[in-house]
Amino acid sequence: MAQNVQRMQWQWIIAIVVLLFKSNVYAQIPPTNKYDTSSYPEDRKAIEALSRKNDNTRFNNDDYIAVGPEGRISYGYSEWEKGFKEAGATFKSARPVAGSTVLRIYNGDAAVKNFVLDVVFDTKKGDFPIKVVRTETYIKQNGKWYFVAGQGTRVLSKEEYDEHMKQ
């Protein structure tokens with residue numbers, strides 16, 4: 001009888017730990033009202049407009065460092081663009097996950113944007129969909145915002161995570 005009670009206690013402890021771990025692994029939406037997402041409204045508009053531009057005018061003298069979800073480091077826009085061409089990949093679509101964006105502005109001249117994207121690449125082998133957690137850094141110089149750093153981390157699906165944990 002005591003062994004059964006002890007076994008049940010361990011099962012509950014393990015279940016609680018698994019649930020806590022699982023909720024942290026798959027969390028995507030930031031807590032409501034945790035971050036200041038309303039100060040500097042005009043700067044927010046400018047950063048969002050800049051974020052949608054996909055050419056080299058968004059950078060300050062090609063002062064840009066990027067780390068893609070595959071781990072490739074690019075120093076400058078032209079190197080980032082070259083990496084896609086070498087891989088034969090193009091963006092088919094990139095859609096932000098609703099409610100996942102947090103844009104924080106510091107002192108009116110530095111900003112960090114975090115968000116989750118559903119991305120589909122068009123590759124030589126067909127569509128390649130991934131989910132990416134993205135961080136972008138912006139600076140404001142001479143009254144203009146510039147994109148200076150970006151980093152994306154691929155998020156594993158539950159199936160990919162479970163498969164990884166089996167290995």
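Mentor: Two strands pair if DSSP finds at least two bridges between them. The model discussed here is predicted.

Trainee: Why is strand E1 said to pair with strand E7?

Mentor: Three bridges join E1 (residues 65–67) to E7 (residues 144–155). Pairing needs at least two, so this pair qualifies. These strands run parallel, and Ala66 stands opposite Gly150 in E7.

Trainee: What lies between E6 and E7 in the hairpin?

Mentor: Two residues separate the strands, and Asn142 is in the turn. Phi of Asn142 is positive, about 50°, although the residue is not a glycine.

Trainee: Why is that worth noting?

Mentor: Most residues other than glycine have a negative phi.

Trainee: Why is Asn142 called exposed?

Mentor: The relative accessible area of Asn142 is 84%. Exposed means over 50%, so Asn142 falls in that class.

Trainee: Which other residue is there to discuss, and where is Asn33 found?

Mentor: Asn33 sits in the loop between helix H1 (2–26) and helix H2 (41–52). Its phi is near 60°, a positive value in a residue other than glycine.

Trainee: How do you know whether Asn33 is buried or exposed?

Mentor: Asn33 has a relative accessible area of 74%. Buried would require under 20% and exposed requires over 50%, so Asn33 is exposed.

Notes:
Residues are numbered from 1 along each chain as its sequence is written. This is a predicted model: local features need pLDDT of at least 70, side-chain atom pairs count only at pLDDT 80 or more; totals for chains, interfaces and linings use all residues. Side-chain values use heavy atoms; hydrogens and water are left out. Helices (H or I, at least four residues) and strands (E, at least two) are DSSP runs, numbered from the N terminus. Buried means under 20% relative accessible area, exposed over 50%, partly exposed in between (1.4 Å probe, protein chains only).
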